[in-house]
Amino acid sequence: MRHPLRSFCILRNLFTHRRTAIPQRRGVCGVAMRLVQFHHHGDGGGIRVGVEQGEGLGVVDLKAFDPSIPSTMRELLELGDKGLECAQRALSSGQCVVERSDITLLSPVLAPEKVVCVGMNYRDHCLEQNAPIPKEPIIFSKFPSAITGPYDDIILPSESQEVDWEVELAFVIGRRGKHIKEEDALSYVAGFAVANDVSARDWQMKRNGKQWLLGKTFDSFCPLGPALVTTDAVRDPHNLSIRCLVNGDTVQSSNTDQMIFKTEALVAWVSKFVTLTPGDVFLTGTPPGVGVFRKPPVFLKKGDVVECQIDQLGSIINKVV
């Protein structure tokens, strides 16, 4: 009579061991890093991928550390664990460090396959405009050509008189997936960044049949950066202070805990429709304080300086020209 009980205990211990031995993967790489794209001053604009030694500190040049490493973030992410493990080794080595004064930071991702945007995704932003809370994500897009660097200029188009700011939490996909389960979604996210979803309100709200695309996708309308902060370096992406300043005055101030659909829900939802690939950028919505809903409305003009800040991620600063 002892053998069945003993067999049950062995099986129970085996299943318990399996549950505890395989923790859920939180991010793509499992390592805290700040990945950047940059070019050296005077080298003709060649793109390099690097790892910051810390926010605002020197950058380890991955190509100099290992010539086999690709030159763009998208290609690095496509290498999967191999590429990110090399980045970790390079950071730990302390070698091949370039000074910030010798480089220009670019957007951490250039030419992604997709830029997926989410509208009306902050509760307090919905309240600002007396709009109902969405029951499912409102998805639109920008063309990838709208992406610009964390310190590049925002170009006012002559076609619009109502250009507005929108600070947003961005995240970047790190591995390919379709029909991703919500509980697995963070394992597909390479990391987070700060974005400004610059918007021409006249084209978004009055022109083009009120389809949002044209109003959102003028050249330079997606400043992004300053780094791709890996998922494991962010304690809780849905509890971060988020702010936008125009000419030093705070115009938006909230917290990502106001997001209606969190990162995991957005990955699961969008992957129902399209295959997500490394480098795809998501912009997750903006909090209240945008110019169009001020009384009277306020829009950007030449000479303005827009700074978007998110705790743990950093800030991007863009002059309007």
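Biologist: Why is G45 called partly exposed?

Modeller: G45 has a relative accessible area of 37%. Buried means under 20%, exposed over 50%, and partly exposed in between, with a 1.4 Å probe and protein chains only. G45 is therefore partly exposed at 37%. G45 sits in the loop between strand 1 (34–40) and strand 2 (48–52), where strands are DSSP runs of E with at least two residues, helices are runs of H or I with at least four, and both are numbered from the N terminus. From G45 to P70 there are 25 residues in sequence and 15 Å in space, C-alpha to C-alpha.

This is a predicted model, in which local features need pLDDT of at least 70 and side-chain atom pairs count only at pLDDT 80 or more, while totals for chains, interfaces and linings use all residues. Residues are numbered from 1 along each chain as its sequence is written, and side-chain values use heavy atoms, with hydrogens and water left out.

Biologist: What makes the contact between E52 and R34 a salt bridge?

Modeller: The N to O distance between the side chains of E52 and R34 is 2.6 Å. A salt bridge needs a side-chain nitrogen of Lys or Arg within 4 Å of a carboxyl oxygen of Asp or Glu. The E52 and R34 pair meets that. E52 is in strand 2 and R34 in strand 1, so the bridge ties together parts 18 residues apart in sequence.

Biologist: Are E52 and R34 buried or exposed?

Modeller: E52 is buried because its relative accessible area is 4%. R34 is buried as well, at 10% relative accessibility.

Biologist: How do you know that R74 and E78 are about one helical turn apart?

Modeller: Both are in helix 3 (residues 73–78), and being 4 residues apart there, they are separated by about one helical turn. R74 is partly exposed at 25%, and E78 is partly exposed at 47%.

Biologist: How many salt bridges does the structure hold, and which residues do shared partners join into one network?

Modeller: There are 14 salt bridges in the structure. D304 and K301 form one of them, with their closest N and O atoms 3.0 Å apart, and D304 is buried at 5% relative accessibility. Salt bridges with shared partners join K142, D164, E166, D197, R201 and K216 into one network.

Biologist: Which peptide bonds are cis, including the one at P226?

Modeller: G225 and P226 are joined by a cis peptide bond, with omega about -5°. P226 belongs to strand 13 (residues 222–230). Another cis bond runs from K295 to P296, with omega near -5°. P296 is in the loop between strand 16 (281–283) and strand 17 (305–310).

Biologist: Where is I317, and why is I317 called partly exposed?

Modeller: I317 is in strand 18 (residues 314–319). Its relative accessibility is 34%, so I317 counts as partly exposed.
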